[in-house]
Amino acid sequence: MPDPGPSPLQSSLPAAVASFGAHVLASALAAGVEPAADAGPVEPSPPVSPAPPAPPVLPVLPTGHPGPVPVAVSVPDEGAAATAAAAPQPSAALERILRGPSGLGTTSLHWARSDAPAVAAAPEASAPIPGHPIPGLYHHPVPEPDPVRVEELSRRIKAWALDEVSLYPEDWEDQFDGFSVGRYMVACHPDAPSIDHLMLATRLMVAENAVDDCYCEDHGGSPIGLGGRLLLAHTALDPVHTTKEYAPDWEASLLSDAPRRAYRSAMEYFLQATTPSQADRYRHDMARLHMGYLAEGAWTQTEYVPEVWEYLAMRQFNNFRPCPTITDSVGGYELPADLHAQPAMQRVIALAGNATTIVNDLYSYTKELASPGRHLNLPVVIAERESRSDREAYLKAVEVHNDLMHDFEAAAAELAVACPVPSVQRFLRGVAVWVDGNHYWHQTNTYRYSLPDFW
């Protein structure tokens, strides 16, 4: 078939890399492989035990900026691409690409993702057992997170929360422990080179959760005045450049409550270990998150139940996106800014955030029903707007999640074919593993979550 020519993504790459990407894509198409919505999920790599924690490599505040930890990679040459494209089975070329780069210097780009098949049990399955996945939910099992890393990360994050930022009072300690954030982050970032890298994500996750709880929900949160609180908290991530007269007042405000103290400290650590473009990317995604908080808060204040499509639009902003978008920072490498900003990559990241957030809606459903007030989540909105029973609405929400997951995996597969560059390949796998780890944590966190009796 005719050469389709380079994609917009490839046009931003060096000529040699773009040529290689176009060659592989053309070969895959010629072999009958369609890198579109039906391309199928990214094939998992064989399971690999997580590496033991490396010695700390990042400095502790307030020392200087070491920059990101380099990862040696190399772009496969034309000969390797031609050999792979000539494989007798048409799917073999695509499988090689989706499994990640190969060749000298790329061994470190592979890490654990279970080779067990994706699961989507029938909705008519027997009642779920605590800690088991939602029947009918499409997901990938993951290996148990490294217990040594989990224990050490849990110890360090609790010390940070208590000793550095005074995040919570003593009577909240059981809730902090029940959050199991150490297990969460180890499951989501099995390629992190060290505990220090894992701490980058863990501090930010805990700080984001504190803002959500204290400003929006469980611990005194309210939609009234939310915009002002979020704006001032955001300045802990995106500093105010003001006059000498007023700068001290702003600086003092960063220590005025637990969420701002947590944001400020977590961001300072993040800045020490990442590049300016990675930090600005994170700020941008946090602004998206805060805008989503404001939309949900406004609907709560006016008692408005959005249409399903409106709710899903809000959830594209009020979602987990800031977490997988820093997967390269936690992995000790950088996805270049121009590659991250490409529409194809933005679609992958958005779909990952959307799917993982609906996972949260589904697993937290009974918890939110038992909480004071009316909480918007996808099953509640579907029940209201589509006149369905609670059970029908919940099962429809499972279908919505599954559609988002299939779209995410198809978009990732298409991009993997179009741009077989090592940093892109590794980032795509990192986002996929984060999606899997996020489901694992929701599924197994029986302290926080229980499932409705709909089966």
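In this predicted model, the buried residues of helix 13 (residues 308-315) are Val308, Glu310, Tyr311, Met314 and Arg315. Viewed down the axis of helix 13, these buried residues fall within an arc of 160°, so they line one face of the helix. The elements that cover the buried residues of helix 13 include helix 12 (276-302), helix 16 (343-363) and helix 18 (378-385).

Two packed helices are described by the angle between their axes and the distance between the axes. The crossing of helix 7 past helix 8 is right-handed. On the side of helix 7, the contact is made by Val181, Tyr184, Met185 and Val186, which meet Leu198, Ala201, Thr202, Met205 and Val206 in helix 8. By class, this contact of helix 7 with helix 8 comprises 8 nonpolar residues, 1 polar residue and no charged residues.

Helix 8 also contains Met199. This residue has a relative accessible area of 3%; because the cut-off for burial is under 20%, Met199 is classed as buried. Residues up to four places away in sequence aside, Met199 touches Leu153, Arg156, Ile157 and Trp160. Met199 and Phe270 are separated by 71 residues in sequence, and their C-alpha atoms are 9.2 Å apart in space.

Notes: Residues numbered from 1 in each chain as written. Predicted model: local features only at pLDDT ≥ 70, side-chain atom pairs only at ≥ 80, totals over all residues. Heavy atoms only, no water. Left-handed = near helix turned anticlockwise from the far one by under 90°. Helix = DSSP H or I, 4+ residues; strand = E, 2+ residues; numbered from the N terminus. Contact = heavy atoms within 4.5 Å. Nonpolar A, V, L, I, M, F, W, Y, C, P; charged D, E, K, R; others polar. Buried < 20%, exposed > 50% of the residue type's maximum accessible area, 1.4 Å probe, protein only. Arc of directions from axis to C-beta.
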